[in-house]
Amino acid sequence: MRILVNHHLLLLLSLLPLAAFSEENTTSSYLIPRPLIFETQQLKNIEDDDNDVNLLHCTSWRFAAETNNLAPWKTIPVECADYVKDYLMDKGYVFDMERVSEEAEVYASSFESNGDGKDVWIFDIDETLLSNLPYYLEHGCGLEVFNHSKFDKWVEKGIAPAIAPSLKLYQMVQDMGYKIILLTGRRENHRVVTVENLRNAGFHNWDKLILRSMDDDHKTATIFKSEKRDEMMDEGYRIRGNSGDQWSDLLGYAMSERSFKLPNPMYYIP
């Protein structure tokens with residue numbers, strides 16, 4: 001009997017701390033210190049290296065730019081000029097482009113066409129199908145404020161190379177039966193040179209090429225492209241996918257079922 005009482009007493013004593021804790025922590029069952037603040041003191045105590053800090057700063061800036069958290073911005077930070085150039089000229093840019101195109105391929109292949117010709121894939125042109133990197137390497141890779149006159153002279157040369165992962169995606173969705181519509185901010189007066197450039201770079205047999213008319217000049221890219229997508233939907237098209245390097249290629253209204261944002265840390269178009 002004494003042994004049984006002692007066992008009960010021990011059990012009761014062992015439960016008292018748990019009961020007290022439970023009473024004080026009715027809102028949570030986790031042993032987490034308060035307040036919930038992520039401490040970075042250990043990082044602060046690490047001796048700073050100027051090169052490492054600049055790398056982290058510019059990587060953070062590029063992340064914010066690509067995720068549309070900086071908008072609007074006109075030029076890249078001066079201290080990130082070398083970082084952006086190195087990124088564009090190294091494997092990182094290529095890998096990022098390939099990743100976007102590969103994910104788009106997976107998504108595009110998830111649909112089976114019903115044969116009515118109404119499944120559409122939209123492509124932007126600059127920094128999506130064609131690369132203007134040769135031009136931007138001569139203009140600071142985003143350090144200079146965008147100059148329409150200078151860029152127009154580059155466009156008129158008609159020598160922008162294809163972005164290889166995008167060409168592969170373009171050919172794949174075309175083979176799958178999607179109608180391809182090219183929707184670009186280029187002006188109508190550049191239609192002929194744009195068509196020649198696209199064909200020379202390997203892009204053929206698109207269904208429609210939409211450029212800015214004089215009436216569209218005052219519109220932001222977001223509004224202009226939203227209006228054109230809305231017209232497509234009014235015509236009964238299903239916009240399955242949309243590929244572009246600017247958020248203004250993808251956002252607004254009459255959006256595609258799925259959008260694919262390609263990397264571009266050089267410039268921002270509203």
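**Close-up views of a predicted model**

View 1. Five strands make up an open sheet in the order 3-2-1-4-5, and their pairing is parallel. Keep in mind that this is a predicted model. Take a look at the edges: strand 3 (208-212) and strand 5 (258-261) each have a single partner strand, so one side of each is left without a neighbour in the sheet. On average, neighbouring strands here are turned by 20 degrees against each other, direction ignored.

View 2. Strand 1 (residues 119-123) and strand 2 (residues 179-187) run parallel and are joined by four bridges.

**View 3. K219 and its contacts.** K219 sits in the loop between strand 3 and helix 10 (221-234). Its side chain and that of D216 are joined by a polar contact of 3.0 Å. Setting aside neighbours within four places in sequence, K219 is in contact with R212, F224 and E227.

**View 4. The one disulfide.** The structure holds one disulfide, formed by C58 and C80 with their sulfur atoms 2.1 Å apart. This pair links distant parts of the chain, 22 residues apart: C58 is in helix 3 (residues 50-66), while C80 is in the loop between helix 3 and helix 4 (81-89). The link is left-handed, with -90 degrees about the S-S bond. Are these cysteines buried or exposed? Both C58 and C80 are buried.

Conventions
Residues numbered from 1 in each chain as written. Predicted model: local features only at pLDDT ≥ 70, side-chain atom pairs only at ≥ 80, totals over all residues. Heavy atoms only, no water. Pairing = 2+ DSSP bridges. Helix = DSSP H or I, 4+ residues; strand = E, 2+ residues; numbered from the N terminus. Axes fitted to C-alpha atoms, helices over the stretch in contact; angles between N-to-C directions. Polar contact = N/O pair within 3.5 Å; in protein donor to acceptor, adjacent residues only side chain to side chain. Contact = heavy atoms within 4.5 Å. Disulfide = S-S within 2.5 Å. Buried < 20%, exposed > 50% of the residue type's maximum accessible area, 1.4 Å probe, protein only.
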